[in-house]
Amino acid sequence: MARLLALCLAVAALLPGAARAEDGYDLWLRYAPLEGEALERLEEFNPQIAVDLYNREDNPTLEAAVRELGFGLHSLLGEPARSRPGGHGRILIDCGSHPTGGEQYFVTTDRQGIRIGGPSHISCLYGAYALLRELSLGADPRTINLTSAPAMPLRMLNHWDNPDGHVERGYAGRSIFDWWNLPDRLDQRMIDYARANASIGINAVVVNNVNAQAYMLEPRYIAKLKRLADAWRPYGIRVFLSARFSAPRDIGGLPTADPLDPAVRAWWRAKADEIYAAIPDFGGFLVKANSEGQPGPQDYGRSHADGANVLAEALGNRGTVIWRAFVYSEHNDVDRAMQAFDEFVPLDGQFAPNVIVQVKNGPIDFQPREPFHPMFGAMPNTRLMLEAQITKEYLGQGTHLAYLAPMWEEVLHADTGRGGTVAQIVQPVGMAGVANTGSDRNWTGSDFDQANWYAFGRLAWDPSLTSEQIAREWAAQTFSRAPEFVEAVVPMMLGSRQAVVDYMTPLGLAHQMATGHHYGPGPWVCDLARPEWNPCYYARADRQGIGFDRTASGSNALAQYAPPVAAGLAADPDYLLWFHHVGWDQAMPSGRSLWAELVGRYDTGVAAVDAMADTWAAQQRHVDPQRFRAVAENLVIQQAEARWWRDASLAWWQSINGLPLPEGTRPPQHELDYYRSLAFPEAPGQ
Ligand code: BDP
């Protein structure tokens, strides 16, 4: 391949929407100018981008790789670009054009420069981002050597965005998708969104809420979706749709949506054909069925497998049905934590090969801490995928600083005792994250929530990365490479999720959030129609003790785990009140009573947030004023709300156990009635 096309760095000017203002819009892709030795090395290297001509063929993915490199290098070198003319630092983009050749990339260095390669065009785009990440972190361009392949084939975002622009559990403004003006108008944001996703390896997007509107399967929406699919294809992203199971009836004019009815099967088949005619690489359907009021196959006496298989048949080998395992019913008095396992495990082996069952990380619902879902490992003949929640519905929503990678790491590394860790079980399939993006200028509402989007993509690509590694690279790229900054902020991030656990739901408590919006504490709520919607259902607090007995003397949810794993979980203090009802005065390993231990945990959580605020306050010189202030103000909110959580919870537990606070403990600021009187019907995200 002797003939090369050299492209100058001025290509950066072609990149639209590359705002430089420090308002968070640029995410981790801001490529702040290098300084010191790192800058000198890159100047010395004098990068010149070249594309292997035989591979080029005006391919939009390779063009994107060139554009990203041009923009990134230009930005890293500082403005005006300080590259020296006539240098030798060639960066050769040289990838195969096999459409399904794989997504792995390599970045190697030899005397001629850097070569980015791999089997398919997307390899080169991923390789370009990896190279930029390394350079941005200060790596020496003469010695860079990277090879990487994604661990999981599906690295997916699930948007809970509604077509009217409202985002369910969204805390960052309105939806980023302008459905109303699509397909005629495509916002630049849609390209920048694809760039951000591609840069962390996300390759699939479900564009709409699992509580889906059937009309999104109508032709006018297929045209809108096609515009998005076309825009994102160069970035390696396939589109998926959440499909409402009753669509054949809702919009198809059929009297039924019974999956075994031939007319229903024909309807789904025709619908799939219609979508594939517009979007040949359409990913498939995500379905929430017979869950929280959504229609499903059980409405017709059919099983989840019957339902999923009909959609799978319609897609054929063109696409995938992702069927959610998030089910529970008010007509079932079995422990909610057990219901999904009970319903799905007997169906193992009955799902069509192009069906994936998507399982939340824990058996309840994205709580600050849950044990891993017992379905992982229990369905060896079914393709299981992990569902995580990037948006922080139960972890402080739009303001609290909570870095979620440690939580996902905890789940991914959990040994199921049935053929591997959760990561090993889902690795052949994939991982989905409920997105936290919105129309806010910084995408995620709070600047630190960008880290959760970033960490999700990085972990789905490589679940063996540690939370710490990810936090380091994110913080340095997003805020500042100054070692003092990174050394202070990374530990703050790493401890932040545990802080939330401690001030909201310590020692294995769960779902103590207020009704509906889940904003703030509501441990006293006990009068909602469905038992398992009530916080009292989960805490089971009475005069004697607190916690949900899930051992053999209680619901026996523990028995859903492999025996050695169950024993470990039963003995784990982090899950104490998840699995046991414990007397208030029972002695803990610390020597304190449970009550004193619980109070201590709330206080630890509050103190941790105070320490986070102090850590941040010391970073002013490293961070631009706008983002510095935004984070600082959020931390003030978090400090107040951590106290609110602690005080309201303690006031409530005291009203039940009648116990005095351990000596030296600060009493709640207000009477219980005050906390109970607080109402926030307008809280976001409902
Ligand atoms: C819960 C949310 C609810 C979702 C549901 C789901 O509160 O808004 O619709 O999960 O996952 O976490 O379907």
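This is a predicted model: local features need pLDDT of at least 70, side-chain atom pairs count only at pLDDT 80 or more; totals for chains, interfaces and linings use all residues.

Colleague: Which residues come nearest to the ligand?

Modeller: A residue is near if one of its heavy atoms lies within 4 Å of the molecule. Of the 14 residues around the ligand, E168, K288, R324, K360 and E393 come nearest.

Colleague: Which side chains have a polar atom at an oxygen atom of the ligand?

Modeller: A polar contact is a pair of N or O atoms within 3.5 Å. For K288 the distance to a ligand oxygen is 2.6 Å, and for R169 it is 2.9 Å. A side-chain N or O atom of D365 lies 2.7 Å from an oxygen atom of the ligand. The protein buries 96% of the 320 Å² that the ligand exposes when taken alone (Shrake-Rupley method, 1.4 Å probe).

Colleague: How are F344 and F351 arranged?

Modeller: A pair of aromatic rings is described by the distance of the centres and the angle of the planes. Rings of Phe, Tyr and Trp (its six-membered ring) pair if their centres lie within 6.5 Å; planes under 30 degrees apart count as stacked, over 60 as edge-to-face and the rest as tilted. The structure holds 43 such pairs. The ring centres of F344 and F351 are 6.3 Å apart and the planes are at 10°, so this pair is stacked.

Terms used:
Residues are numbered from 1 along each chain as its sequence is written. Side-chain values use heavy atoms; hydrogens and water are left out. A polar contact is a pair of N or O atoms within 3.5 Å; within protein, one must be able to donate a hydrogen and the other to accept it, and residues adjacent in sequence count only if both atoms are side-chain atoms.
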